[in-house]
Amino acid sequence: RAAGLELARSGRINVLASDAHQPRDRGPVLGPAVEILREHGVDDAERLASTEPRALLERGIASAPRLAA
């Protein structure tokens, strides 16, 4: 948890998401995580849980360049 908070505070997190392994039994609830991030000084926590994931779904993720063998 401490490492995750440090990553978020330093701006090194682009997306906050849930793996939602059992969506029927326990849906992906990010509200508590957003609140914890806000309490620890991450002002854009809502963006990490809504705007950024939506953008990834709409645009996709760019492929990494291939390294020469």
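Reader: Which residues is Leu-37 in contact with, leaving aside its neighbours within four places in sequence?

Author: In this predicted model, Leu-37 touches Leu-5, Ala-8, Leu-16, Val-42 and Ala-45, once neighbours within four places in sequence are set aside.

Reader: What is the largest nonpolar core made up of?

Author: The largest nonpolar core has 9 residues in all. Leu-37 belongs to this core, together with Leu-5, Ala-8, Leu-16, Val-34, Val-42, Ala-45, Leu-48 and Ala-49.

Reader: Now to the charged residues. How many salt bridges are there?

Author: The count comes to 5 salt bridges.

Reader: Which residue does Arg-38 form a salt bridge with?

Author: Arg-38 pairs with Glu-46, and the closest N and O atoms of the two are 3.3 Å apart.

Reader: Which residues are linked with Arg-38 in a network of salt bridges?

Author: The network links Arg-38 with Glu-35 and Glu-46.

Reader: And Arg-47, which residues does it meet in salt bridges?

Author: Arg-47 meets Asp-44 in a salt bridge, at 2.3 Å from N to O. Arg-47 also forms a salt bridge with Glu-52, where the closest N and O atoms are 3.0 Å apart.

Reader: How accessible are Asp-44, Arg-47 and Glu-52?

Author: Asp-44 counts as partly exposed at 33% relative accessibility. Arg-47 is partly exposed too, with a relative accessible area of 31%. For Glu-52 the relative accessible area is 23%, and this residue is likewise partly exposed.

Reader: Let us turn to the whole chain. What does its secondary structure come to?

Author: The chain has 4 helices and 0 strands. Read along the sequence, its pattern is α-α-α-α.

Reader: How does the radius of gyration of the chain stand beside that of a compact globule?

Author: The chain has a radius of gyration of 15 Å, whereas a compact globule of 69 residues would have one near 11 Å. Taken along the principal axes, the C-alpha atoms fill a box of roughly 45 × 35 × 20 Å.

Reader: How much of the chain is buried?

Author: Buried residues make up 19% of the 69 residues. The accessible surface comes to about 5,700 Å², and carbon and sulfur atoms account for 53% of that surface.

Reader: What share of the contacts with a separation of 6 or more is between residues 24 or more positions apart?

Author: Such residues account for 49% of those contacts.

Reader: Where is Ala-55, and is it buried or exposed?

Author: Ala-55 is in helix H4 (residues 51-59). Ala-55 is buried because its relative accessible area of 13% is under the cut-off of 20%. The C-alpha atoms of Ala-55 and Pro-32 are separated by 22 Å, and these residues are 23 apart along the chain.

Reader: What about Asp-19, where is its place?

Author: Asp-19 is in the loop between H1 and H2. Asp-19 counts as exposed because its 55% relative accessibility is over the cut-off of 50%.

Reader: Which helix does Glu-6 lie in?

Author: Glu-6 lies in helix H1. Glu-6 is partly exposed, at a relative accessible area of 38%. Its C-alpha atom is separated by 19 Å from that of Gly-31, 25 residues apart along the chain.

Reader: Last topic: what is the mean pLDDT of the chain?

Author: The mean pLDDT is 87, and 94% of the residues reach 70 or more.

Reader: Where is confidence lowest, and where is it highest?

Author: Confidence is lowest in H4, with a mean of 90, and highest in H2, at 94.

Key
Residues are numbered from 1 along each chain as its sequence is written. This is a predicted model: local features need pLDDT of at least 70, side-chain atom pairs count only at pLDDT 80 or more; totals for chains, interfaces and linings use all residues. Side-chain values use heavy atoms; hydrogens and water are left out. A nonpolar core is a set of buried Ala, Val, Leu, Ile, Met, Phe, Trp, Tyr and Cys residues joined through side-chain atoms within 4.5 Å. Buried means under 20% relative accessible area, exposed over 50%, partly exposed in between (1.4 Å probe, protein chains only). Contact means heavy atoms within 4.5 Å. A salt bridge is a side-chain nitrogen of Lys or Arg within 4 Å of a carboxyl oxygen of Asp or Glu. Helices (H or I, at least four residues) and strands (E, at least two) are DSSP runs, numbered from the N terminus. The radius of gyration is taken over C-alpha atoms; the globule rule is 2.2 Å times the number of residues to the power 0.38. Accessible areas come from the Shrake-Rupley method with a 1.4 Å probe; for residues, only the protein chains shown count as cover. pLDDT is the predictor's confidence in each residue, from 0 to 100.
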